[in-house]
Structure formats: C-alpha cells, structure tokens
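Please keep the sequence and the model in view while reading.

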Amino acid sequence: MVLLEKYHFFRYNANYEGDLMFIDTHCHLSKKDYEDINKVIQANKEAGVPLIVISGCNKEDMEETLQLANQYQEVYATIGYHPEEAEMITKEDLKSLEEKLSCQKVIGIGEIGLDYHYRKDNKNKQQELFQNQLELAIKYHLPVVIHSRDATEDTINILKKYKVKGIMHCFSGSIETAKIYIKLGFYLGIGGVVTFKNSNLKKTLEEIPLEKIVLETDSPYLAPEPYRGTQNSSKNIPIIASTIAAVKKVSLEEVEKITSYNAKTLFNL
Ligand code: NI
C-alpha cells in the first residue's frame, strides 16, 4: 500500500490488530488537555502506537504523569524539571524528583535542558538545574530526554561533561549539530516538524541513519501536517513515520522496526 493510504487504513480501521508497533518516545498526557484518556490510549493502539512515553516536567504534571503510568500498562514515564521551571525549583523539589525515580514505570529523566528562546536572563539557573538532573541520571543509570532551544552550544558543552545517553527531543538542527549529538550518544527525537513544508529537517535526515532516530509527537503540541495547528496525539506517529520513510526511501515497516528497536534499547523496555 502507498504509505499515506496505509496510514489512513490504520487510522480508520477500528478493528486493526496488525503487527505494527510504533513507540511515541515523548508526549504529554493530561486530563487538562484530553477529556477521555481511555479513548486516547485506545485510539493510539488502533493506529499502531500501543506504547507511549509520557513526560511530566513540572511539579503538578509529574504527579499526574506517574499516576497515568501506574494506571496503564502501555504507558511509561520520564520525569524531570523543564528549564522554564528553573526559578521555582528548590533543593526539596530535586529531592522529591529523586525519590520518584525509583517508581517502576519511570524509565528516564526529562524533559530537561536549556531554553534561551524565552529567557536568556537566567542562564546560570537553567544550567544549574540541568546539571543537577544530569547527575541524577548518572546516579540512577537513567537515560535523559533533552530540551534545547536556542542553546545548542551550551547544551553540547554541558553534555560533554556527563556520560549520559538519551534523546534530543524535537530535534530540528543542522547536520553538523546532529552528528555531534550522535557522537555524544544521543538519538534524535523526530516529530511533526519533519512534515512541515518549510522545515529543513528532511534534508538533515537524509544524512542521518535510521539507527539514530526515535519517533515522538510531543502531543498535545506540534501536530503534523495535514493536522498542523490542531490537538496532537500519539496516534499521529504513523504520519511522521511515513514522512521519514519517504525521505529515507524505505518502507513504513522498516521505520517502525528500527525506531522501535532504538527506543526499546535506550529505555530498556
Ligand atoms: Ni515536550
């Protein structure tokens, strides 16, 4: 089947019980965004995305993220404080994060990192919070999910000091940057941006082996074309995979097989 046709087959055939098993390695799931979580998870399964990793990256979301991961067998969690939280996080909050890392369904720390897009005035605080959490990742042997926006140089310099592995969440940088992150031991998290008409990411992807790519939606944000601007969810992963398959000139199954293997290897699933 033609890729997009195949995607529509997954999307609309409610009885689909195929063998495709995509993994959404980074998304957000909360009752404040989705009315019926059961329905969302069921729709994901029907679309061929039975396994999702949800991210709780502030104090409030963290609790709900853990709850959902404990409630649903197919939901795993990464937790960590987003750089936007840098002003608010206390030593006690870090202690509380550390305690939660032992939960069985917590498989990584994130999203953590640096965001100079909205704030450049608290770089020191962001870097301190980032490094504190990288130390936790080392202490507990956990992979990390990195958020880096307008902060590539500092992100690289900090990651060079820590022996961690993980995902560069929502990667959309240059080929050169991609190669540096891969050399540091990271997978590139590719999401809806790859489907955007004005994105340079397709060009970068041509140079990056599938073995270094994992899929993500970052839902409810960043819905892929043709749904750009609407509420995203993990069921849209096959659209992202179809675009990557077209860029890499391989089958959808190949993208599914390799990216799911990558995610399982990284998160030890
Ligand atoms: Ni996110």
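How are the donor residues of the nickel ion spaced in sequence? The spacing is H-x1-H-x82-E-x106-D.

## Basis of the model

This is a predicted model, in which local features need pLDDT of at least 70 and side-chain atom pairs count only at pLDDT 80 or more, while totals for chains, interfaces and linings use all residues. Residues are numbered from 1 along each chain as its sequence is written, and side-chain values use heavy atoms, with hydrogens and water left out.

## The nickel site

The protein donors of the nickel ion are H26 through NE2, H28 through NE2, E111 through OE and D218 through OD, and they lie 2.1 to 2.2 Å from the ion. Donors here are N, O and S atoms within 2.8 Å of the metal (3.2 Å for Na, K and Ca), and because water is not among the atoms, sites may look incomplete.

The angles among the four donor atoms run from 82 to 172°, and the site is irregular. Four donors count as tetrahedral if all angles lie between 85 and 135 degrees, four count as square planar and six as octahedral if opposite donors are over 155 degrees apart and all others between 65 and 115, and anything else is irregular.

H26 counts as buried because its relative accessibility is 1%, and H28 is buried as well, with a relative accessible area of 11%. Buried means under 20% relative accessible area, exposed over 50%, and partly exposed in between, using a 1.4 Å probe and protein chains only.

E111 lies in strand β4, and a cis peptide bond with omega of about 5° joins G110 to E111. Helices (H or I, at least four residues) and strands (E, at least two) are DSSP runs, numbered from the N terminus.

D218 lies in the loop between β8 and α9, where its phi is near 55°, a positive value in a residue other than glycine; with 9% relative accessibility, D218 counts as buried. P226 is also found in the loop between β8 (213-215) and α9, and the peptide bond from E225 to P226 is cis, with omega near 5°.

## The largest pocket

The largest pocket has a volume of about 1,000 Å³. Of the 41 residues that line this pocket, E111, H147, R149, H169 and D218 are the closest to its centre. A pocket is found on a 1 Å grid over the protein atoms alone, as an open set of points where a 1.4 Å probe fits, with protein on both sides within 12 Å along at least five of seven lines, and lining residues have an atom within 4 Å of a point. Its volume is the space filled by probe spheres set on the points, which are joined across faces, edges and corners.

Strand β5 gives the most to the lining, with four residues. The lining divides into 14 nonpolar, 17 polar and 10 charged residues, where Ala, Val, Leu, Ile, Met, Phe, Trp, Tyr, Cys and Pro count as nonpolar, Asp, Glu, Lys and Arg as charged, and the others, Gly among them, as polar.

## Helix α9 and the residue after it

Of the 12 residues of α9, 11 are buried, so the helix is largely enclosed by the rest of the structure; among them are I237, I244 and K248. Just after α9, K249 takes a positive phi of about 55°. This lysine, K249, lies in the loop between α9 and α10 (252-267), and at 75% relative accessibility K249 counts as exposed.
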